[in-house]
Amino acid sequence: MNNLKKTCKLLVFSITLFLSFSIQAQNYVGTNVKVNLFSSTPIEDIKAQSNKTNAVIISKTGEVAFQIPIKSFEFEKKLMQEHFNENYMESDKYPTASFKGAVEPNISWTKDGDYPVLAKGSLTVHGITKPRTISGNIKVQNGTISISTSFDVACVDHNIEIPMLVFTKIAKVINVKINGTLNLKN
Amino acid sequence: MIKATTLISFALLITGGVYAQSADSLMKSMTDTVKARTINSTFKSTHIVLSHSTETEKKHDLDLRIRHHFGDIGGEFGSAHTLYGLDVATDLFIGLDYGITDKLTVSIGRSKHDELFNGYLKYKLLEQGGGKNGNIPLNVTVLGQMGWIARAPFTTTEFSSYANRFSYFLQPIFSRKFSQRLSLQIAPSILFRKNVVDVRDPENLFSIGFAGRFKLTKRLSFIADYTLINGLNRPTDLSQQFYNPLGVGLEIETGGHVFSLNFMNSEYISENSFIANTQKSWKHGGVRFGFTISRNFTLFKSKNKDIQTKIY
């Protein structure tokens, strides 16, 4: 009887152990992911950069999330930066842009290698959320995840108005590049 | 032994639960530490209509500012004979404002009236939304502006002492951006001057400025300011009648340029002149048209290749 009880407890212990390890999905986080914006017109090319983007990967489900603080973008001209925040992105009202989705199909996050992937999810810019499938590249090396992607965002899709009466010329479609590394979160 | 395994399983279950986070909650835990940042421009420019705003120039930006006040629209000096004041320039101003840092602006300018040379230092003390917890409710800027009258004296006694040509204007400015559309400002100030005609007119003149901006569209705003002077420490029954300056205008921003089209009763442009010497009133045709053109130049650009702008 006592023996049975002991076996039973051991069984519970091993099941719990197994469960806890399988539940213990490995999460990767990055806090200094770099985002580059590029607007190109025949008159003027404008670039901006932020390296304050947060990124999260839940390896078990393949979930990915990015959050970009709009006010962290730096421009060559401070006045341009002010206009970006005040007139185009309205960053007091919409302080972040974000992407939430999942890598499909999920990859093996612990095995070193280069994985071209598609991230399906929703992109929120200027308070407007659009479903997007974005292609990118994931590199796994010694437990560190490097991500890189380049995609276009049409201003009109996110209600970002470009008025006629501006001296600075802004493209209707902005190229966005995201690059960064994520590390295992303990 | 048995108790130990139970405890361990329990502990593992808990830790397992902790690790089973969603991307959302994990992101939230990361961003909770980021406090609010200072809000975007409360005003578009370093000036409103007549008065200074709490804004300063951005670091290494140079602002060329051209201002113009025309003559009386109506009354004795206005009407069709002067094309409603457009034939007359009661004051002209050309100035350069430069941002030494994002908080400190230095400026030099010159007005037609009195051949007044102006210099000011303006420092942003506090920014709304700033501070450790992002809970500063106001913008606070301090302004010190000097004026030097360069013209020849009108009478032999006018500048008997050379110091009489100088005036000093000190003003703490408080503003708040209440919404994307509405910003309001209050600014008590004191003007130290020597060049006073009436003995009962105080040399050290107190005033309170009120100003506001209401954005009509993203790039077009209604702006107004009013300065209360007469009746504070200055008697209202002086031999010369003085009025409180009131300016209203439309401000148009075009990216790099700010234009404002204004109407005001004040003939003069610099605080050192208009605070003490506004002799026209909104009644009796004393109001006039004026404009400001502000053009911004970035003098030192970032060396970071990732953000360099290329103009073809």
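Me: Is B:Asn164 buried or exposed?
Reply: Welcome! This is a predicted model, where local features need pLDDT of at least 70, side-chain atom pairs count only at pLDDT 80 or more, and totals for chains, interfaces and linings use all residues. Residues are numbered from 1 along each chain as its sequence is written, chains are lettered from A and ligands numbered from 1 in the order in which they are written, and side-chain values use heavy atoms, leaving out hydrogens and water. Buried means under 20% relative accessible area, exposed over 50%, and partly exposed in between (1.4 Å probe, protein chains only). B:Asn164 has a relative accessible area of 15%, so B:Asn164 is buried.

Me: Which residues is B:Asn164 in contact with, leaving aside neighbours within four places in sequence?
Reply: B:Asn164 sits in the loop between strand S5 (139-149) and S6 of chain B; strands (E, at least two residues) and helices (H or I, at least four) are DSSP runs, numbered from the N terminus. Contact means heavy atoms within 4.5 Å. Apart from those sequence neighbours, the partners are B:Glu158, B:Phe159, B:Lys194 and B:Asn195.

Me: How many strands close into the barrel of chain B?
Reply: The barrel order runs S1-S2-S3-S4-S5-S6-S7-S8-S9-S10-S11-S12, with antiparallel pairing (two strands pair if DSSP finds at least two bridges between them). From one strand to the next, the twist averages 20°. The number of strands in the barrel is twelve.

Me: Which residue in S10(B) stands opposite B:Phe222?
Reply: S9(B) pairs with strand S10 (residues 246-253) of chain B in the antiparallel sense, over seven bridges. Within S10(B), the residue facing B:Phe222 is B:Leu250.

Me: What accessible area does the nonpolar patch with B:Leu216 have together?
Reply: B:Leu216 lies in the loop between strand S8 (204-215) and strand S9 (220-228) of chain B, and counts as partly exposed because its relative accessibility is 39%. Accessible areas come from the Shrake-Rupley method with a 1.4 Å probe; for residues, only the protein chains shown count as cover. B:Phe214, B:Leu216, B:Phe222, B:Leu250 and B:Leu261 together have about 400 Å².

Me: What is the bridge partner of A:Ala102 in S6(A)?
Reply: Seven bridges join S5(A) to strand S6 (residues 113-125) of chain A, and the two run antiparallel. In S6(A), A:Ala102 is paired with A:Lys120.

Note on methods:
Patch = residues over 30% accessible without salt bridge, like charges linked within 9 Å, V, L, I, M, F, W, Y side chains within 5 Å. Salt bridge = Lys/Arg side-chain N within 4 Å of Asp/Glu carboxyl O. Axes fitted to C-alpha atoms, helices over the stretch in contact; angles between N-to-C directions.
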